[in-house]
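Student: I would like to learn how to read a few features of a model. Where do we begin?

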Amino acid sequence: MGGEMRSPVTNPKRVTILGSTGSIGCSTLDIIAHNPDSFVVEALTAFTNVNLLAQQARRYRPSYVAIGDETLKGKLTDALAGTNIKVGSGAEAIIEAAEQPSDLVMAAIVGAAGLKPTLQAVRRGITVALANKECLVCAGSLFLREVETAGATLLPVDSEHNAIFQVFDFERSDAVEKIILTASGGPFRTMGKSDMEKVTPEQAVKHPTWDMGAKISIDSATLMNKGLEMIEADYLFPIVESQIEVLVHPQSVIHSMVAYRDGSVLAQLGSPDMRTPIAYTLGWPNRMDTPSPRLDLAEIGQLSFEPPDTERFPALKLARQALQSGGTAPTILNAANEMAVEGFLTKRIGFLDIARVVEATLCKVQGEKVENLEHVHVVDEDARDAAAHIIARI
Ligand code: NAD
Ligand code: MG
């Protein structure tokens with residue numbers, strides 16, 4: 001995926017983490033801590049968690065740190081007094097962090113807010129480990145064009161896409177019949193619809209198998225996460241929409257599969273621990289040690305599978321429709337979903353309203369052909385406005 005290797009990567013590898021205080025960011029630093037001779041940290045960024053960012057900076061000694069919330073610059077500067085770490089603040093500073101001279105950028109900001117800094121990293125023609133799926137959903141075709149132009153290498157961190165990347169025969173992609181994205185089914189996999197109407201954010205963020213940030217946990221509960229991942233897969237792999245299947249697999253052991261025309265199905269398995277796919281991208285093309293729990297299939301005993309229920313989880317259907325429509329439909333879907341998840345987390349709407357808001361926004365904002373990045377930002381803003389109005393009326 002992406003271009004050939006360009007300038008030789010330094011040893012140790014210089015790594016920048018966009019969103020270092022989040023779930024993926026912390027796991028990335030954990031892998032670096034376990035392989036201290038292989039990596040140096042170049043830059044770290046966070047939005048508001050200034051205490052954790054300062055703590056990380058004191059431990060990993062990057063040359064640059066950026067805090068998104070400008071009002072926290074003084075606090076961060078004070079916390080790093082006596083070090084020679086440069087401090088920046090605001091959205092521009094996060095882009096500046098992406099511009100620091102690193103060999104690899106871990107893109108782990110949540111939401112479309114990660115698009116600009118991630119693109120800036122791509123433009124440097126380096127390796128970008130992509131956790132931030134929303135930026136691909138929001139601007140996939142433009143994003144990939146930039147990857148190609150810059151000769152950057154894009155490595156998927158999302159466990160399903162990382163699994164597919166490991167077993168996909170890119171040399172013979174016409175031998176691939178379909179890809180099968182596995183989904184845990186989330187915390188409400190077996191719950192009836194009337195009970196789902198009443199679930200609280202506290203219940204929804206408790207994921208049965210993965211420990212993740214709030215937004216993706218809610219997305220996993222609605223299955224919108226799998227919807228976003230179908231779109232992500234469509235961009236990342238040489239396949240078409242009809243070749244993407246979703247299969248519910250509650251144990252989260254098989255992270256995804258590729259089915260070939262001869263009937264063979266290749267899968268990647270592992271414990272549900274993001275440090276494995278993260279390490280795969282940090283070390284690629286080499287493999288490295290991780291502290292992830294080893295998979296013990298005898299102890300697990302049984303793996304189970306079931307088809308997804310798009311009646312109780314309509315987000316999956318909406319995402320597929322957006323993928324089929326193409327153009328700016330996925331941009332609108334993503335923007336509306338970000339607003340709806342925020343509305344649910346702040347208790348302004350109910351759980352099942354999330355998909356309703358997304359559906360109503362898709363009806364209200366006309367999908368169109370993607371022109372350029374500016375156009376994507378306008379569509380994203382319009383969809384957020386439309387979703388905000390819909391949320392206010394609920
Ligand atoms: P998180 O909420 O735990 O962390 C998000 C990070 O982004 C934090 O460091 C935060 O400071 C930063 N951030 C948030 N808003 C920002 C803004 N407006 N500007 C700049 N920085 C901002 O999220 P996470 O669970 O680590 O997920 C990060 C991304 O990785 C998401 O796109 C998610 O879908 C994807 N992902 C996560 C997991 C997982 O296991 N957590 C798995 C697969 C994919
Ligand atoms: Mg995933």
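Tutor: Begin with contact, which means heavy atoms within 4.5 Å. This is a predicted model: local features need pLDDT of at least 70, side-chain atom pairs count only at pLDDT 80 or more, and totals for chains, interfaces and linings use all residues. Residues are numbered from 1 along each chain as its sequence is written, ligands are numbered from 1 in the order in which they are written, and side-chain values use heavy atoms, with hydrogens and water left out.

Student: Leaving aside neighbours within four places in sequence, which residues is serine 217 in contact with?

Tutor: Ala204, Val205 and Met212. Serine 217 sits in helix H10 (residues 214-222). Helices are DSSP runs of H or I with at least four residues, strands are E runs of at least two, and both are numbered from the N terminus.

Student: Is serine 217 buried or exposed?

Tutor: Buried means under 20% relative accessible area, exposed over 50%, partly exposed in between (1.4 Å probe, protein chains only). Serine 217 has a relative accessible area of 1%, so it is buried. Alanine 79, in helix H3 (residues 73-79), is partly exposed at 32%. With neighbours within four places in sequence set aside, alanine 79 touches Ala54 and Arg58.

Student: What coordinates the magnesium ion (ligand 2)?

Tutor: Look for donors: N, O and S atoms within 2.8 Å of the metal (3.2 Å for Na, K and Ca). Water is not among the atoms, so sites may look incomplete. Here Asp158 (OD), Glu160 (OE) and Glu229 (OE) coordinate the ion at 2.1 to 2.2 Å. Their spacing along the chain is D-x1-E-x68-E. Aspartate 158 lies in the loop between strand S7 (153-156) and helix H7 (159-167), and glutamate 229 lies in helix H11 (residues 224-236), 71 residues apart. Aspartate 158 is buried, at 7% relative accessible area. Glutamate 229 is buried too, at 1%.

Student: How do H15 and H17 pack?

Tutor: Two packed helices are described by the angle between their axes and the distance between the axes. Axes are lines fitted to C-alpha atoms, for helices over the stretch in contact, and angles run from 0 to 180 degrees between N-to-C directions. H15 (residues 329-345) and H17 (residues 373-393) pack at about 40°, with axes 8 Å apart. Angles under 35 degrees are roughly parallel, over 145 roughly antiparallel, 65 to 115 roughly perpendicular, the rest oblique. H15 and H17 are therefore oblique to each other.
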